[in-house]
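This report describes selected side-chain and helix contacts in one protein model. Please keep the sequence and the 3D view at hand while reading.

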Amino acid sequence: MKVTREELYERVWTTPMRTLAAEFGLSDVGLKKTCRRMRVPTPERGYWAREAAGQVVRRTPLPKLPASVAGEALVATFSDTPRATEPVVEPSGPVAEQAAFEARPENRLVVPDVLEQPHRLVAAAVAAMRTAKANPQQILEPRGARCLDLAVSMGTVDRALRVYDVLIKALE
C-alpha cells in the first residue's frame, strides 16, 4: 500500500499511532521513524487523551519540503497485511488450577470492618502497637516485642492488623 506524505500526515493526526501502525503492518515505533524520514510531524504524548477529555488540541502543520528533497520522501510503501497480534495463551496445569481455586467465591478472602477474635500473633501485635511510638515519618514500628514484623502509618494500623488476621487464618 502506497501512502503519500499528505495522506500520512492526515492519517497520523486523525488516528492514534498504535492503531494506524497495526493497519500498516508495523509497530508504532516503525511508523514514527517513517514519519520522521518523510518529515511528517506526529502528535505529542498525551494528545489523544487531551482530545478525548474535550481539550482544544492543535495540529502541528505539515512543513514544506525543500526543493533538494528526493521524490521517494514523498511516498511511503507499507505492507498490505495487518500486523499479527500475539496469540493469547490460556494457562494450564498448576497455574490454571490455582487460578480456578482462587476464583471460587468460597476461597475469597474478605477483610472485615472490625477485628474480632484475632489470631494470637495479631493479638500480640495489637498490644505492641498500643505502646509503639511513631518515628519522624509517622510510622509505627513495635520495638523489642515478640509479634508480627510490621511498620505502618498511624492511619492504617487498624486495617493492616485486620489484613494480617485474615491472611494468617487463611494460611492456617
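Tyr47 is buried, with a relative accessible area of 3%; buried means under 20% relative accessible area, exposed over 50%, and partly exposed in between (1.4 Å probe, protein chains only). The model is predicted: local features need pLDDT of at least 70, side-chain atom pairs count only at pLDDT 80 or more, and totals for chains, interfaces and linings use all residues. Residues are numbered from 1 along each chain as its sequence is written, and side-chain values use heavy atoms, with hydrogens and water left out.

Trp48 is partly exposed, at a relative accessible area of 22%. Trp48 lies in helix H4 (residues 47-52); helices are DSSP runs (H or I) of at least four residues, numbered from the N terminus. Leaving aside neighbours within four places in sequence, Trp48 contacts Val12, Trp13, Thr14, Thr15, Pro16, Met17 and Pro43, where contact means heavy atoms within 4.5 Å. Trp48 and Met17 are 31 residues apart in sequence, yet their C-alpha atoms are 9.9 Å apart in space.

The whole structure holds three aromatic pairs, including the two tabulated here. Rings of Phe, Tyr and Trp (its six-membered ring) pair if their centres lie within 6.5 Å; planes under 30 degrees apart count as stacked, over 60 as edge-to-face and the rest as tilted.

| Pair | Centre to centre | Angle between planes | Type |
|---|---|---|---|
| Tyr9 and Trp13 | 6.3 Å | 50° | tilted |
| Tyr47 and Trp48 | 4.9 Å | 90° | edge-to-face |

Tyr9 and Trp13 are both buried. Together, Tyr9, Trp13, Tyr47 and Trp48 form one aromatic cluster.

Note on methods:
Helices (H or I, at least four residues) and strands (E, at least two) are DSSP runs, numbered from the N terminus.
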